[in-house]
Amino acid sequence: EAHLTARLLDNWVQARMTDLVNWSEQEVLAEALVESGYYGKSAIQGATAFFDSVQKGYPYFDSIFLANARGEVIASSSSDYPLSNSIVLADRPYFKEAMQGKTVVSEVLVSRLSGNRIF
C-alpha cells in the first residue's frame, strides 16, 4: 500500500512538473521578463492574469510566480501577495538550479510568498 501511494505521489509530482514547464513557455511570461506590452496590457498585468487563471484550475499550488534573473518576484497570481512587496529568491537552491536550465523539485521549505511549508 505504501509503495503504491509513493508511486502515485511521484506520478502526480511529475505531471505537475510537466505543467510548470509548459506554462513557462507562455509568451506572456517572456514578455513580462522584458517588460514589453502584451496585447494592450502591461506585460506584468498579462502575467498576473495568466497566473490567476492557472490558480483557479490548480488550487493545490500554494503560489505561482515569475522571477527575473536576479531572483526578484515580478508577477504572481494576485492572491499570492501584493506586488509592492519585494521578494527575492536568488539565494534559494532551486532558483540557482532553475537558472542553469534545470527542472527542480526543492526540499520542503517555508514559502517567502505565503509563509506556508512548500516544495
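A nonpolar core is a set of buried Ala, Val, Leu, Ile, Met, Phe, Trp, Tyr and Cys residues joined through side-chain atoms within 4.5 Å. I need a second term for that one: buried means under 20% relative accessible area, exposed means over 50%, and partly exposed is in between (1.4 Å probe, protein chains only).

**Ground rules**

I am working on a predicted model, where local features need pLDDT of at least 70, side-chain atom pairs count only at pLDDT 80 or more, and totals for chains, interfaces and linings use all residues. I number residues from 1 along each chain as its sequence is written, and side-chain values use heavy atoms, with hydrogens and water left out.

**Overview**

I looked up the secondary structure and got 4 helices and 4 strands. These are DSSP runs numbered from the N terminus, with helices being H or I of at least four residues and strands being E of at least two. Going along the sequence, I read the pattern α-α-α-β-β-α-β-β. The protein has 119 residues, and 34% of them are buried. I also checked contacts (heavy atoms within 4.5 Å). Among those between residues at least 6 apart in sequence, 42% join residues at least 24 apart.

In soluble globular proteins, nonpolar side chains tend to be buried together. Here I found that the largest nonpolar core has 14 residues, and that L29, A47, F50, F51 and L66 touch the most other members. At least two residues of this core come from each of α2 (27-34), α3 (43-57) and β2. The top contributor is α3, with 5 residues. Apart from this core lies another, of 9 residues, including I87, L89, F95 and I118.

**Helix α2**

Which residues of α2 are buried? I get V28, L29, E31 and A32. Looking down the axis of α2, I see these buried residues within an arc of 160 degrees, so they line one face of the helix. The arc is taken from the directions from the helix axis to the C-beta atoms. Among the things covering the buried residues of α2 are α1 (2-24), α3, β1 (65-67) and β2.

From A30 to A47 I count 17 residues in sequence and 9.0 Å in space, C-alpha to C-alpha.

**S77**

S77 is in the loop between β2 (73-76) and α4 (93-99). Buried or exposed? S77 has 0% relative accessibility, so it counts as buried. Its contacts, leaving out neighbours within four places in sequence, are T48, F51, D52, Q55 and I64. With Q55 there is also a side-chain to side-chain polar contact of 3.4 Å. A polar contact is a pair of N or O atoms within 3.5 Å; within protein, one must be able to donate a hydrogen and the other to accept it, and residues adjacent in sequence count only if both atoms are side-chain atoms.

**E72**

E72 is in the loop between β1 and β2. I noted E72 as partly exposed because its relative accessible area is 30%. The E72 side chain makes polar contacts with two side chains: N68 at 2.8 Å and R70 at 3.0 Å. Beyond four places in sequence, E72 is in contact with L66, A67, I87 and V88. I also checked E72 against L89: they are 17 residues apart along the chain, with 6.3 Å between their C-alpha atoms.

**S111**

S111 is in the loop between β3 and β4. With 6% relative accessibility, S111 counts as buried. What does its side chain reach? A polar atom of the S111 side chain lies 3.0 Å from the backbone nitrogen of L113, and one lies 3.1 Å from the backbone nitrogen of S114. Skipping residues up to four places away in sequence, S111 touches D62, S63, N116 and I118.
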